[in-house]
Amino acid sequence: MYSRPIVKNSFKVPAELVTENFILRPLTIKYVDKDYEAVMKSVDHLYKLMDDSEWPKEMTLDENLADLGWHEVEFSLRHSFAYTVLSKKEENDVIGCCYIYPSDNPEYEVQAYYWIRQDLLDSGLEDELGKTFKKWLENSWPFGKIEFPRRDI
C-alpha cells in the first residue's frame, strides 16, 4: 500500500469519464467477475505490461477480488486510483483498466498504466484509450509530470 495521498483533499476526484467508445469508472469489487474475465482473456498481453511481477499468470478469482478490494481502499484513501474501462455499447462489459500510482521516479509525480482486453487490440481501442487517458490526466487532474512506463505516448 502507498503511504500518502497523491491528490489534496480539496481536489474533486473524477467519478467517471464518458467517451464515444468507452466509460471509465472507479474499479470496485462489484466488477470482480467481469474484470477477472477480461484479465484472464488478456494474460499474454498484460504479463510484464504493468511491472516485472508474474501478474496476472495463474491469478485466481479470489486473488482478483483481493486486488480489487485493495484498489477500492487505495482510491478511498486517495493513495492511488484505478478505473475500470467499460464498453460504451454494453456498460457491463469490462474491456480494460487504467491506473494512477505515485511514481518511484523523482522526475514524475505519478505513473499511469492502461490496457484494453487482448481480443480488442486490433480495434485500435488501446491507442485511443492511451491518448484519452493522457489528455484526461493532463486536463482534469492536478499532476504536472506524468510517466507512462512501458508506453511511448
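## Basis

The model is predicted: local features need pLDDT of at least 70, side-chain atom pairs count only at pLDDT 80 or more, and totals for chains, interfaces and linings use all residues. Residues are numbered from 1 along each chain as its sequence is written, and side-chain values use heavy atoms, with hydrogens and water left out.

## The sheet

Helices (H or I, at least four residues) and strands (E, at least two) are DSSP runs, numbered from the N terminus. Two strands count as paired if DSSP finds at least two bridges between them. On that basis, six strands make an open sheet of mixed pairing, in the order β1-β2-β3-β4-β5-β6. The edges are taken by β1 (17–18) and β6, each with a single partner strand, so one side of each has no neighbour in the sheet.

From β1, the antiparallel pairing with β2 (residues 22–26) rests on two bridges, and L17 stands opposite L24 in β2. Antiparallel pairing also holds between β2 and β3, through five bridges; here R25 stands opposite T84 in β3. Six bridges join β3 to β4, again antiparallel, and a hairpin of six residues connects the two strands. Across this pair, V85 stands opposite G96 and L86 opposite V94. Between β4 and β5 there are seven bridges, in the antiparallel sense, with Y101 opposite Q111 in β5.

## Burial and helix packing

A residue is buried under 20% relative accessible area, exposed over 50% and partly exposed in between (1.4 Å probe, protein chains only). Strand β3 is mostly covered, with seven of its seven residues buried, and β4 is also mostly covered, with nine of its nine residues buried. In a regular strand the side chains alternate between the two faces of the sheet. In β3, F81, Y83, V85 and S87 point one way, while A82, T84 and L86 point the other way, and all are buried.

Axes are lines fitted to C-alpha atoms, for helices over the stretch in contact, and angles run from 0 to 180 degrees between N-to-C directions. Helix α3 (residues 61–77) lies across β2, β3 (81–87) and β4 (94–102), at about 120° to β3. Helix α4 packs on the sheet and touches β1, β2, β3, β4, β5 (110–116) and β6, its direction making about 150° with that of β5.

## Aromatic residues

Rings of Phe, Tyr and Trp (its six-membered ring) pair if their centres lie within 6.5 Å; planes under 30 degrees apart count as stacked, over 60 as edge-to-face and the rest as tilted. The structure holds 15 such pairs. One of them joins F133 and W136, a tilted pair at 6.4 Å centre to centre with 40° between the planes. Both residues lie in helix α4 (residues 125–140), three residues apart, and are therefore separated by about one helical turn. F133 and W136 are both buried.

What kind of pair do the rings of F133 and F148 form? Their centres are 6.3 Å apart and their planes stand at 90°, so the pair is edge-to-face. This pair links distant parts of the chain, with F133 in helix α4 and F148 in the segment after β6 (146–147), 15 residues apart. F148 is buried, as is F133. One aromatic cluster is formed by F11, F75, F81, Y83, Y114, F133, W136, W141, F143 and F148.

A charge sits over a ring if NZ of Lys or CZ of Arg is within 6 Å of the ring centre and within 35 degrees of the ring normal. R151 lies over the face of Y114, a member of the cluster, at 4.1 Å from the ring centre. K57 lies over the face of Y47, at 3.9 Å from the ring centre.

## A buried serine

S42 lies in the loop between α1 (32–40) and α2 (43–46). Is S42 buried or exposed? S42 has a relative accessible area of 0%, so S42 counts as buried. A polar atom of the S42 side chain lies 2.8 Å from the backbone oxygen of A38. This is a polar contact (a pair of N or O atoms within 3.5 Å; within protein, one must be able to donate a hydrogen and the other to accept it, and residues adjacent in sequence count only if both atoms are side-chain atoms). Not counting residues up to four places away in sequence, S42 touches W115, R117 and Q118.

Terms used: Contact = heavy atoms within 4.5 Å.
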